[in-house]
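This report goes through one protein chain, from its overall build to single residues. Please keep the sequence and the structure open while reading.

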Amino acid sequence: MSDNAKFVEDITDKDDDFSKWYNEVIRKAELADYGPVRGTMIIRPYGYALWENIQKLLDTRFKEVDVENAYFPLLIPKSFFEREAEHIEGFAPELAWVTRGGGEELEEPLAIRPTSETIIGHAYSRWIQSYRDLPVLINLWNNVVRWEKRTTLFLRTSEFLWQEGHSAHRSIEDAEERTRMMLETYRALAEEDLAMPVVAGRKSENEKFAGALRTYSIEALMSDGKALQAGTSHNLGENFARSFDIQYSDTDGQRKYCATVSWGASTRLIGGLIMTHGDNAGLIMPPKVAPIQAVIVPIWRKEEEKSAVAVLVEQLVKRLKANGVRVKADWREETPGWKYNEWEMRGVPVRLEVGPRDVKTNSVMLVRRDNRAKEAVPVEALDNRLPQVFGEVQKGLFERALKFQAGNTHEVSDYDEFKQVMAGQRGFVKVKWAEDTEAELKIKEETKATLRCVPLDQAGFTPGPSLFTGKPATGYALFARAY
RNA sequence: CGGGGCGUAGCACAGCCCGGUAGUGCGCUUGCUUUGGGAGCAAGAAGUCGUAGGUUCGAAUCCUAUCGCCCCGACCA
């Protein structure tokens with residue numbers, strides 16, 4: 001829509017300055033605000049409601065694959081970090097330490113968890129004795145702290161909310177199966193619930209989690225052409241089991257190390273949601289996670305009109321709530337036009353306008369946020385029509401984003417071409433590739449693009465030389481500049 | 001953590017160069033009129049000029065330090 005601008009006041013144009021747009025939308029829509037400590041974030045009720053919806057959907061998916069929730073402590077003894085060499089090396093620069101308690105210097109400093117692999121490992125070594133105890137499938141909904149030099153609301157903050165799943169298995173093969181299963185769970189959440197298309201794949205050696213055997217991720221493409229890692233799943237092999245002595249007696253009587261797995265997704269998903277669907281009028285929430293799915297804007301001139309409208313609005317709210325719709329009637333003393341813009345900015349997927357004309361015909365004017373399409377819907381048809389519209393919006397958002405992703409995925413075979421893409425429109429660059437950390441680092445240095453993943457879907461791959469090195473490629477890899 | 005930019009009312013900004021009683025627009029409060037795409041008029045409230053120190057008779061303005069935010073680089077969910 002070319003006249004988008006006339007609907008909007010006060011929001012920076014998305015194409016003009018993307019990160020400014022991003023920050024403004026978050027703050028004006030009241031999703032979040034800055035905390036007093038550098039890199040911390042206050043998640044406001046509207047943003048938290050969104051997180052709760054994402055939580056509910058993801059939690060349900062976890063429970064479908066037998067994962068149970070638990071809680072583990074925030075503070076972790078320093079010694080725990082020293083047990084897994086790669087792990088400590090990876091996290092050392094980002095740790096926050098508690099060195100005093102009860103007015104005294106502590107004997108052993110305590111780290112504020114950056115992730116819980118170590119403290120989980122400690123518990124699992126005590127809990128697991130027999131193959132009959134396996135697998136252990138636990139998930140934690142918590143906060144973690146990672147000291148960051150450069151922070152952005154939702155995408156990178158020093159403290160963030162997430163879930164971290166931790167499982168222990170009889171074999172690396174079992175662990176691998178679980179690793180992939182959880183990756184698939186994230187893919188489904190992202191695509192089906194957040195309408196955010198992703199590419200699922202394996203991380204390179206260079207990009208994998210500190211202490212992991214293999215790391216998988218889902219990668220989404222934001223509308224500014226940068227990639228966002230939206231969820232990760234790690235096969236830790238026996239690394240943590242050896243460091244924390246997680247052993248079991250197998251059926252053959254032998255003591256064996258477990259293989260462990262961890263997987264995580266954070267409030268970063270909210271950042272992804274904003275950058276995937278938002279437009280120059282503000283946010284666009286997919287109906288499945290929208291804190292408010294439908295907002296009712298009443299319209300009247302005279303008092304008797306107002307009371308007639310109020311009767312219909314009340315009836316509608318009752319009816320929609322009974323159908324499980326997250327609905328809100330906006331009776332504030334503002335003009336309807338003002339409210340339209342306000343709720344569009346906050347991303348509410350459907351608006352229902354109810355005025356004297358609608359009272360007369362016992363219908364409502366239904367307006368979609370994503371394309372502003374309007375239709376008059378008789379009240380008795382709403383029970384059917386509204387869920388249908390939610391479905392259409394959900395699908396429409398996904399398809400629009402998928403089309404964007406497809407249109408911004410460039411297959412190149414030549415490094416000059418690669419550089420051109422990264423210098424221009426950016427997006428995903430798909431190349432034939434053979435694992436090579438040195439080449440990866442050089443490419444990063446020269447183009448700022450990193451290897452996002454080796455997609456699981458290798459459809460269309462034919463043997464040929466790897467980009468940059470010319471070695472025989474083992475598959476497609478996806479490069480992009482990333483958040 | 002390096003380079004650049006910016007901190008003045010809830011928000012966006014002017015004033016600073018050249019020191020002399022704190023401004024504009026939006027928002028907010030009250031009243032009346034309005035209300036189908038950001039309403040109008042009238043009256044009103046609101047700012048230790050990021051913070052600390054210094055220069056000066058006098059500092060938003062000049063100097064020093066410090067904190068925060070934004071953008072660009074090195075490290076990361």
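How many of the 11 residues of strand 11 (residues 227-237) are buried? The count is 10 of the 11, so strand 11 is largely enclosed by the rest of the structure. Buried here means under 20% relative accessible area, exposed means over 50%, and partly exposed lies in between (1.4 Å probe, protein chains only).

## Basis of the model

This is a predicted model, in which local features need pLDDT of at least 70, side-chain atom pairs count only at pLDDT 80 or more, and totals for chains, interfaces and linings use all residues. Residues are numbered from 1 along each chain as its sequence is written, chains are lettered from A and ligands numbered from 1 in the order in which they are written, and side-chain values use heavy atoms, with hydrogens and water left out.

## Chain A as a whole

Chain A has 14 helices and 23 strands. Helices (H or I, at least four residues) and strands (E, at least two) are DSSP runs, numbered from the N terminus. The C-alpha atoms fill a box of roughly 80 × 60 × 50 Å along the principal axes.

Of the 483 residues in chain A, 54% are buried. Contact means heavy atoms within 4.5 Å. Among contacts between residues at least 6 apart in sequence, 70% join residues at least 24 apart. Chain A exposes about 21,800 Å², and carbon and sulfur atoms supply 48% of that area. Accessible areas come from the Shrake-Rupley method with a 1.4 Å probe; for residues, only the protein chains shown count as cover.

The chain carries 66 positive and 74 negative charges, whose mean positions are 3 Å apart. Lys and Arg count as positive and Asp and Glu as negative, while His and the chain ends are not counted. Each charge is placed at NZ of Lys, CZ of Arg, CG of Asp or CD of Glu.

## Strand 11 and its partners

Two strands pair if DSSP finds at least two bridges between them. Strand 11 is joined to strand 10 (residues 214-221) by eight bridges, and the two run antiparallel. In this pairing Ile218 stands opposite Gly231. The hairpin of strand 10 and strand 11 has five residues between the strands, and Gly225 in the hairpin takes a positive phi near 85°.

Strand 11 also runs antiparallel to strand 14 (residues 259-266), with five bridges between them. Here Thr232 faces Gly264 in strand 14.

## Strand 15

Strand 15 (residues 294-298) has five of its five residues buried, so it is largely enclosed by the rest of the structure. In a regular strand the side chains alternate between the two faces of the sheet. Ala294, Ile296 and Pro298 point one way from strand 15, Val295 and Val297 point the other way, and all are buried. Three bridges join strand 15 to strand 16 (residues 327-329) in a parallel arrangement. Ile296 is opposite Ala329 in strand 16.

## Two buried residues

Asn53 belongs to helix 2 (residues 45-64). Its relative accessible area is 8%, so Asn53 is buried. Leaving aside neighbours within four places in sequence, Asn53 is in contact with Val289, Ala290, Pro291 and Arg326.

Thr267 sits in the loop between strand 14 and helix 8 (268-277). Thr267 counts as buried because its relative accessibility is 1%. Not counting residues up to four places away in sequence, Thr267 touches Ile43, Trp51, Phe154, Phe160 and Leu161.

## Backbone exceptions

Most residues other than glycine have a negative phi, and most peptide bonds are trans. Leu134 and Pro135 are joined by a cis peptide bond with omega of about -5°. Pro135 is in the loop between helix 5 (117-127) and strand 7 (136-145).

Asn362 is not a glycine, yet has a positive phi of about 50°. Asn362 lies in the loop between helix 11 (356-361) and strand 18 (363-368), and at 32% relative accessibility counts as partly exposed. Lys448 also has a positive phi, near 70°. Lys448 is in the loop between helix 14 (437-447) and strand 22 (450-455), and is exposed, with a relative accessible area of 54%.
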